[in-house]
Amino acid sequence: DSYVSDTLNSWIKDVVSTYGIDGIRLDSAKHVDNKHLSSFEDASGVYIVGEVFNGDPDYVMPYQQYLSGLVNYPAFYWVTRAFSSTSGSISDLANGINTMKDQAADLSLYGSFLENHDNARFPSLTGDMSLAKSAIAFTVLMDGVPIIYEGQEQHYAGGDTPNNREAVWLSGYDTSAELYKWIADLNAIRKLAISKDSTYLD
């Protein structure tokens with residue numbers, strides 16, 4: 001409906017302007033009319049990473065015609081399978097990533113993640129801290145924009161919804177937690193790599 005689309009576009013333009021927002025995660029993008037997606041991002045004037053909840057790259061990648069970025073669900077599934085046990089397939093992960101690098105419009109604009117509010121937290125799949133660290137390192141250092149879900153830095157282990165939506169303040173915001181420090185170190189490495197080589201994200 002053009003009235004609804006125009007109203008939402010006017011609203012997002014005002015919200016971005018009022019609050020100085022520099023990027024938006026658009027939930028459930030695959031359930032929105034494609035023509036509206038483009039006009040919504042244009043109206044916002046900022047980068048939008050759209051959630052297309054599907055593990056098939058051939059299904060996900062075409063949505064980059066309508067939005068700058070996409071939540072990298074295909075990589076989420078490959079990373080989860082690769083690191084949730086010591087027998088996970090790194091070659092499947094590498095092959096999948098390489099396929100997307102060859103075919104995606106711009107993989108550097110995808111949002112890379114290991115956990116979110118729709119999936120069981122990674123530590124509910126394995127209690128192995130080394131595997132958790134490896135999975136986080138991959139998602140932070142791979143092409144794209146890293147997304148850390150609240151509580152991930154505290155090694156929350158909730159399973160399926162709603163158990164994966166634990167309140168972060170229950171941790172006391174522990175900045176000495178092992179994964180909190182790990183993520184901070186990875187972010188510093190990423191920043192250093194970018195400062196040394198502008199093609200790091202290409």
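Q: How many bridges join β2 to strand β3, and do these strands run parallel or antiparallel?
A: Two strands count as paired if DSSP finds at least two bridges between them. Here, 2 bridges join β2 to β3 (residues 69-70), and the strands run parallel. Valine 49 stands opposite glycine 69 in β3, and glycine 50 faces leucine 70 of that strand. The labels come from DSSP runs, numbered from the N terminus: helices are H or I of at least four residues, and strands are E of at least two. This is a predicted model, in which local features need pLDDT of at least 70 and side-chain atom pairs count only at pLDDT 80 or more, while totals for chains, interfaces and linings use all residues. Residues are numbered from 1 along each chain as its sequence is written, and side-chain values use heavy atoms, with hydrogens and water left out.

Q: What joins β2 to strand β1?
A: Look for bridges again: 4 of them join β1 (residues 23-26) to β2 (residues 47-50), and these strands run parallel. Leucine 26, for instance, has glycine 50 in β2 as its bridge partner.

Q: What is the strand order in the sheet, and which strands stand at the edges?
A: The order is β1-β2-β3, an open sheet of 3 strands with parallel pairing. β1 and β3 each have a single partner strand, so one side of each is left without a neighbour in the sheet. Helix α2 packs on this sheet and touches β1 and β2 (contact means heavy atoms within 4.5 Å). The direction of α2 makes about 145° with that of β2.

Q: Is the β-α-β unit right-handed or left-handed?
A: Point the strands away from you: the crossover is right-handed if the path from the first strand over the helix to the second runs clockwise. β1, α2 (residues 34-44) and β2 make a right-handed unit of this kind.

Q: Where do α1 and α2 meet, and at what angle do their axes cross?
A: Axes are lines fitted to C-alpha atoms, for helices over the stretch in contact, and angles run from 0 to 180 degrees between N-to-C directions. The axes of α1 (residues 2-19) and α2 come within 8 Å and cross at roughly 30°. That makes the two helices roughly parallel; angles under 35 degrees count as such, over 145 as roughly antiparallel, 65 to 115 as roughly perpendicular and the rest as oblique. Among the residues that meet are Leu8, Trp11 and Ile12 in α1 and His36 and Phe40 in α2.

Q: How do the axes of α4 and α5 cross?
A: Those of α4 (residues 73-83) and α5 (residues 90-103) come within 8 Å and cross at roughly 165°. The two helices are therefore roughly antiparallel. The contact includes Trp78 and Phe83 of α4, and Leu93 and Met100 of α5.

Q: Which peptide bond is cis, and which residue has a positive phi?
A: Most residues other than glycine have a negative phi, and most peptide bonds are trans. In this model, the bond from threonine 161 to proline 162 is cis, with omega near 10°. Histidine 155 has a phi near 65°, a positive value in a residue other than glycine. Proline 162 is in the loop between β5 (145-147) and α7 (178-196), and histidine 155 is also found between β5 and α7.
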